[in-house]
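Here is a short tour to read alongside the model. Have the viewer open and follow the stops one by one.

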Amino acid sequence: MKTIKHAFLVVGLVVLTCSTGIGQEQQADKTQALREQLRQVESTGVNGKSAIIQNLHKRTLLSTRKQLLASIDDDLEALRTMQAAVGNADAETRQDIDAQIQTLTLERNQLVARIEEVGGNSSATARSSGSSGSVGISSEPSGSSVSNSDAMTVDPHPPSSSQPRSSSTSNQPMGERPETIANAAPIPQQNIDVNNCKLTNTYKDAPELLVQRVEQAASDIVRNTNPDPNAKLRGLSGVYPYLMFYTVADAVLPTGIENAPAANIRTIERLQYLGETARTDKQVGASSRSSGSTSAIEKPGFARLLGFAVENGGILQDVNNSVITLSTSPYLLYTMNGGGDSVENYNRAGFLNRVGISASFNMTDSANPLANVRRGDLTEWGVKARLFGDRSTRSKRFQDFWDAKIRPFVEAKGRAIGEPINFIDNNAVLRPLRNQTREQLKAALVQLLNDSDYQSASEADKEIMLRNVMYCFMRASVYDPIRSNTVKVDPEARTQINDEFVPRVAQAFANMAEAKRLLNEGLDELYKSPLATFGYTNHRQPTGSDYSEFKFLYEQDKTVFGMLKIVGNAGLTMYNKPNPLLNQSRVRDFAAALSFEGAIDSPFLKNQPDLSKITYAFTGNYQRMRENEGIPGRKPDLSAFQFKLDIPIYGGMALPLAITYASGSETTNREHTRFNFGFKFDMDKLFALTKLVGNP
Amino acid sequence: MTKNNDFEYRVRKGERVKIKISFKPASQSGSFAVLTLDGQTLHGSGSPATYEFTVVKDVQHEHTLIMDFTFMPDAPANAQYDVEVSGSNGGTFNFAVTKSDPIHDPAVVFMVVAG
């Protein structure tokens with residue numbers, strides 16, 4: 001009995017499918033004829049004709065569009081009947097029907113928008129075209145008729161929320177695109193099944209340049225927390241011109257040279273951003289006299305103090321072994337005046353942007369460093385002022401270097417990629433294809449954003465789904481139609497893309513490697529330029545007398561055999577309140593230090609993007625402690641020698657080691673040798689490297 | 001001018017478009033922006049750097065402005081370029097490109113719509 005019922009159901013379905021299929025074929029003919037008719041009317045030039053002719057043309061356009069709309073509605077109705085009949089019995093047929101419904105719905109919505117754009121009332125002829133049960137990129141609410149443009153949920157050009165929606169733009173969005181091509185064959189609507197596409201990459205052999213841009217777009221979309229889907233898709237908008245060009249260039253690639261080493265779109269490597277290199281030695285740190293310091297000499301730069309202070313709400317916190325150092329700058333006052341740490345504020349601040357203030361505290365509670373910030377734990381406070389030299393890339397010297405040496409490469413890259421993008425805009429076939437596909441891809445991604453699988457996925461999986469949909473779409477809607485000649489790109493355009501644009505992009509991108517090399521040299525030079533600072537430090541001695549230290553710090557690279565950097569300190573210290581009982585006079589000591597530093601490549605970082613080098617330094621100190629004269633067990637003349645090694649062992653991580661010999665100390669005449677080591681994490685570098693790994 | 005999203009705007013033919021670019025934190029790093037309009041380098045002036053162009057294309061066409069922002073190694077993780085886009089027919093919009101963003105060279109599109 002069950003078998004008989006099943007047989008009846010199959011026969012019934014076949015009859016229904018056949019009957020509606022025949023009707024559908026006739027209907028499609030009618031729809032296609034109307035499409036052709038509309039194309040002819042649209043391509044009829046009426047510019048310069050009389051007002052009567054122009055008016056008649058407008059009315060004819062409106063009438064033809066309404067007829068086409070009615071015909072599409074008939075098609076949709078027939079398709080929905082089939083959709084209901086086939087149910088879930090035949091997944092393949094159901095899928096084809098769904099796809100056709102999507103295509104026609106999109107076309108319908110565009111038509112409605114164009115009718116309304118010229119003031120026609122689409123609801124007069126349009127029947128309900130509810131899309132209940134359909135999957136895909138329907139742009140109208142389920143079961144509703146589209147009687148005005150506000151009913152459309154997918155608006156490719158909605159006004160910004162910060163911009164009032166004017167009457168002139170509210171009817172415009174869908175109507176502006178896609179354009180109708182006057183002299184070229186109509187572009188077939190290509191839609192994808194988002195539910196399937198999200199699962200797999202169907203464009204596995206996509207050019208690396210395309211892959212890079214798809215990954216960037218997906219990452220940007222996932223990171224974007226804006227709830228407005230249109231705003232969320234800025235990542236797609238920002239790369240779509242690139243996606244379009246790379247896909248077109250791939251599609252017009254002559255057969256057989258896909259892997260040829262000659263400049264073709266598939267052999268061009270990913271583009272790396274400039275400036276993604278690493279540097280060492282940027283901590284402010286405690287002074288060289290602090291017990292937690294592994295450095296026997298103090299550097300003149302407080303390289304990142306100002307900005308760090310600002311970005312950390314005014315105070316920079318630096319923990320080094322058992323000492324916590326807090327730093328800030330009067331420049332902060334300028335940033336609080338509005339505009340933040342901007343170029344304008346920086347320039348206005350004048351001398352104040354050269355001054356930094358810091359305070360160091362002994363740390364007993366390492367779990368909560370700020371808990372140690374108590375007056376009783378204060379070991380020193382100080383002021384530093386930059387006298388001359390600037391090792392920041394904001395310096396005029398570096399800006400000039402950039403303008404002369406690097407900017408031309410970046411400009412050439414911009415022109416090389418900008419030209420084909422502009423070419424697409426001027427091409428009668430590729431421009432409408434771009435306009436149409438961009439909106440369709442947006443609609444597909446909006447559908448994905450609303451997909452329950454997507455919404456419950458991890459961020460990594462969301463990125464994969466977004467990428468898959470983009471690959472799937474670019475393959476199905478741009479690559480395949482051009483490759484199969486469904487979208488006809490003329491031979492001249494193909495030749496220009498293959499022989500002119502792609503080689504130029506290849507050359508410009510290859511030149512960026514040279515730009516990067518020059519930039520690294522320039523940065524190297526910058527970090528070696530002379531730098532001088534005056535420093536004042538007030539040392540707090542819990543068991544002795546507090547004293548003040550005045551120091552001139554100077555640093556200059558490449559002064560010894562053209563290889564080593566020389567760093568010099570000279571200064572004197574004075575007691576705030578000398579204690580005669582301890583043999584103290586106003587002047588506590590004179591001190592001088594000289595250091596020679598060099599760097600070699602790190603064997604641990606081979607084939608890694610971190611360019612940090614092993615740095616080494618030989619340092620000699622001399623100190624004359626006047627109060628030690630004539631005191632048993634003490635020396636007035638103290639000297640020390642140190643060898644320090646900073647070994648980058650992995651990206652963003654380094655191991656600093658130091659061995660120090662001292663002829664004595666301020667409190668004893670005993671010779672001693674000590675060994676210090678630590679472990680250094682550079683969060684900025686780690687971050688930059690993570691990013692590089694993500695975009696190899 | 002109206003905005004679709006940070007990297008997509010609608011403009012009218014003849015409209016003058018102005019772009020202002022500033023960088024933060026200026027105390028730590030320099031500003032290195034290069035703009036290319038339709039395959040031609042666009043030169044800016046002043047501080048903050050201001051770039052201008054006129055919409056000369058027809059409806060359905062678009063101007064593409066590639067904004068190439070370089071972040072130097074001395075720029076901290078939260079460094080950013082602030083961009084202000086405005087049109088002579090009204091509309092001023094802002095967006096930022098930060099060092100941590102995946103896209104440092106967005107192709108900003110100005111779609112020409114009927115006026």
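A:Arg348 sits in helix α12 of chain A, which covers residues 343–349. Please keep in mind that this is a predicted model. With a relative accessibility of 55%, A:Arg348 counts as exposed, because the cut-off for that class is over 50%.

**A helix pair in chain A**
- Helix α13 (residues 396–426) of chain A packs with helix α17 (residues 491–528) of chain A, and their axes are 9 Å apart.
- The angle between α13(A) and α17(A) is about 165°, and angles over 145 degrees count as roughly antiparallel, so that is how this pair is classed.
- The crossing in which α13(A) passes α17(A) is left-handed.
- Sorted by class, the residues in the contact of α13(A) with α17(A) are 22 nonpolar, three polar and seven charged.

- A:Ser237 belongs to helix α9 of chain A, residues 234–251.
- Is A:Ser237 buried or exposed? A:Ser237 counts as buried, because its relative accessibility is 1% and the class takes values under 20%.
- The side chain of A:Ser237 reaches across to chain B, where it makes a polar contact of 2.8 Å with the side chain of B:Glu8.
- Leaving aside residues up to four places away in sequence, A:Ser237 touches A:Lys442 in chain A, along with B:Asn5, B:Phe7, B:Glu8 and B:Ala107 in chain B.

**Cis peptide bonds in chain B**
- B:Lys24 and B:Pro25 are joined by a cis peptide bond, with omega at about -5°.
- You will find B:Pro25 in the loop that links β3 (16–24) to β4 (32–37) in chain B.
- Another cis peptide bond joins B:Ser47 and B:Pro48, where omega is about 0°.
- B:Pro48 is placed in the chain B loop between β5 (40–42) and β6 (49–54).

- A:Asn485 is a residue other than glycine with a positive phi, near 70°.
- The loop between α16 (459–483) and α17 of chain A holds A:Asn485, and with a relative accessible area of 37% this residue is partly exposed.
- B:Asp38 also has a positive phi, near 50°, in a residue other than glycine.
- B:Asp38 lies in the loop between β4 and β5 of chain B, and at 13% relative accessibility B:Asp38 counts as buried.

Conventions. Residues numbered from 1 in each chain as written. Chains lettered and ligands numbered in written order. Predicted model: local features only at pLDDT ≥ 70, side-chain atom pairs only at ≥ 80, totals over all residues. Heavy atoms only, no water. Axes fitted to C-alpha atoms, helices over the stretch in contact; angles between N-to-C directions. Helix = DSSP H or I, 4+ residues; strand = E, 2+ residues; numbered from the N terminus. Parallel < 35°, antiparallel > 145°, perpendicular 65-115°, else oblique. Left-handed = near helix turned anticlockwise from the far one by under 90°. Nonpolar A, V, L, I, M, F, W, Y, C, P; charged D, E, K, R; others polar. Buried < 20%, exposed > 50% of the residue type's maximum accessible area, 1.4 Å probe, protein only. Polar contact = N/O pair within 3.5 Å; in protein donor to acceptor, adjacent residues only side chain to side chain. Contact = heavy atoms within 4.5 Å.
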